[in-house]
Amino acid sequence: METVTGGPTAAGDGPMVTVGVDLAGHTGTTGVCRVTWSGEPRVEFLPARSDEDLLAAVRSADRTGLDAPLGWPIAFATLLGAHQSGAALPARDRYPRSEHGSGLGNRFTHRLTDDVAWKRTGAGRQRPLSVSTDKLGAVALRAADLMERLADGGPALPRDGSGPVLEVYPAYALLQWGLAQAGTYKGKDGGPARAVIVPALEDGLGLGLPTPVRERCLRSDHDLDAFVSAVVARAAALGLTDPPRTDEERAAAAVEGWMHLPRRGADLAGLRAPSPPADRP
C-alpha cells in the first residue's frame with residue numbers, strides 16, 4: 001500500500017495514529033506498522049524500502065515507537081574524547097548491583113536506560129545489547145540520521161520520548177505485558193513462540209488482525225516487533241509507560257535516549273479507550 005505523506009491528525013479531527021518501526025542497520029529487515037486507533041483499530045504494514053519510506057510513515061503518525069537506541073552512553077562519549085585528545089581515560093564505573101546479580105555493565109557499554117529497563121523487567125539473562133560495543137551501533141547511527149531529518153532543520157527532536165518519537169524495546173514490552181515465551185520469538189526458531197504471542201496480543205487488545213497482517217507477524221519477528229512498537233507508542237500517548245523520573249534519569253535521557261516500557265501487568269484492553277486529543281507532543 002502507499003505511504004501517507006501528510007501530517008498527523010489535528011486535535012479533534014480524527015482518531016490517533018501510531019507507527020512502529022523495527023529499525024535495522026539496512027532496509028531489508030526493517031519493519032513498519034501503522035495502527036489507527038478508531039472504534040475498531042486498523043492495523044496495516046507500510047513500505048520500508050528506503051529511509052524516505054520511514055520518514056513518510058513517521059510523519060503520518062501522532063506518535064512513533066522506534067525500536068532503536070536514540071543515543072550512546074555519556075561515559076562512552078567522554079572516553080572517546082579523552083582517547084582522541086590523549087587525555088587520561090575516565091575511570092570505569094559499573095552500575096549498582098541488583099537482585100539479578102551484578103550490575104548490567106559499566107557505563108561505557110550501556111546507557112542508564114538499559115540498566116533501568118533490565119532491572120525493572122527482571123529480564124535476567126536477556127540483557128540489552130551494548131550500543132557502543134555491539135553491532136547495534138549501526139542501528140543507532142541510522143536512527144540518529146532519521147531523527148535529524150525529522151527535525152527538518154529545526155530544534156532536535158527530544159530523545160526522552162516526550163516528542164513525536166519514543167524509543168521502545170518490543171521484547172521487554174512483551175515481558176511487561178506477561179506475553180513473553182520461554183523460547184525466543186526471533187528468527188526461524190521463533191515460529192512457535194510467535195504462534196502464541198500473536199493471538200495473545202489479539203485477545204489482549206480485543207481485536208482481530210487482518211489475515212495478511214497476522215500472517216506477516218507469524219512469519220517475521222521484524223513485522224511483529226513493528227506492530228508491538230506501534231502498540232507501545234499508543235501506551236505512551238495514554239501515559240501508560242514509564243518516563244524518566246529522577247534528576248539523574250532526566251539528564252541522561254536527554255542525551256542517551258530513554259526506553260519506554262509499558263507498565264507491568266497493564267491491561268492491553270485499556271489501549272482501546274477513547275483517544276485524547278491527537279496533538280503532536
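**Close-up 1. Trp177 and its partners in this predicted model.** Setting aside neighbours within four places in sequence, Trp177 is in contact with Leu201, Val228, Val231, Val232, Pro262, Ala266 and Leu268. Trp177, Leu201 and Phe227 touch the most other members of the largest nonpolar core, which has 34 residues. At least two residues of this core come from each of S2, strand S3 (42–45), helix H5 (170–176), H6, helix H7 (211–219) and H8. The element that gives the most is H8, with 10 residues. There is also a second, separate core of 23 residues, and Val21, Leu46, Ala48 and Val165 are among them.

**Close-up 2. Helix H6 packed with helix H8.** Here are helix H6 (residues 191–205) and helix H8 (residues 221–237), whose axes come within 12 Å and cross at roughly 25°. Angles under 35 degrees count as roughly parallel, so H6 is roughly parallel to H8. Their crossing is left-handed. On the H6 side, the contact is made by Arg194, Ile197, Val198, Leu201 and Leu205. Facing them from H8 are Asp221, Leu224, Phe227, Val228 and Val231. Sorted by class, the residues of this contact are 8 nonpolar, no polar and 2 charged.

**Close-up 3. Helix H1 and its covered residues.** Helix H1 (residues 51–59) is mostly covered, with 7 of its 9 residues buried. Which residues of H1 are buried? They are Asp51, Asp53, Leu54, Leu55, Ala56, Ala57 and Val58. And what do the buried residues of H1 pack against? Their partners are strand S1 (16–22), S2, strand S4 (63–67), helix H4 (136–151) and strand S5 (165–167).

**Close-up 4. Helix H1 against helix H4.** In this pair the axes are 11 Å apart and the packing angle is about 55°. H1 and H4 are therefore oblique to each other, and their crossing is right-handed. From H1, the contact takes in Asp51, Glu52, Leu54, Leu55, Val58 and Arg59. H4 brings Arg142, Asp145, Leu146, Arg149 and Leu150 to the contact. By class, the contact of H1 with H4 holds 5 nonpolar, no polar and 6 charged residues.

**Close-up 5. Thr36 in strand S2.** Look for Thr36 in strand S2 (residues 31–37). Is this residue buried or exposed? Thr36 counts as buried because its relative accessibility is 7%, and the cut-off for buried is under 20%. Not counting residues up to four places away in sequence, Thr36 touches Pro15, Met16, Val17, Pro41, Arg42 and Glu44.

**Close-up 6. Gly25 in the loop between S1 and S2.** Our last stop is a loop residue. Gly25 has 45% relative accessibility and so counts as partly exposed. With neighbours within four places in sequence left aside, Gly25 is in contact with Ala138, Val139 and Arg142. Arg142 also takes part in the contact of H1 with H4 shown above. The C-alpha atom of Gly25 is separated by 26 Å from that of Pro243, a residue 218 residues apart from Gly25 along the chain.

Methods: Residues numbered from 1 in each chain as written. Predicted model: local features only at pLDDT ≥ 70, side-chain atom pairs only at ≥ 80, totals over all residues. Heavy atoms only, no water. Axes fitted to C-alpha atoms, helices over the stretch in contact; angles between N-to-C directions. Helix = DSSP H or I, 4+ residues; strand = E, 2+ residues; numbered from the N terminus. Parallel < 35°, antiparallel > 145°, perpendicular 65-115°, else oblique. Left-handed = near helix turned anticlockwise from the far one by under 90°. Contact = heavy atoms within 4.5 Å. Nonpolar A, V, L, I, M, F, W, Y, C, P; charged D, E, K, R; others polar. Buried < 20%, exposed > 50% of the residue type's maximum accessible area, 1.4 Å probe, protein only. Core = buried A, V, L, I, M, F, W, Y, C linked by side-chain atoms within 4.5 Å.
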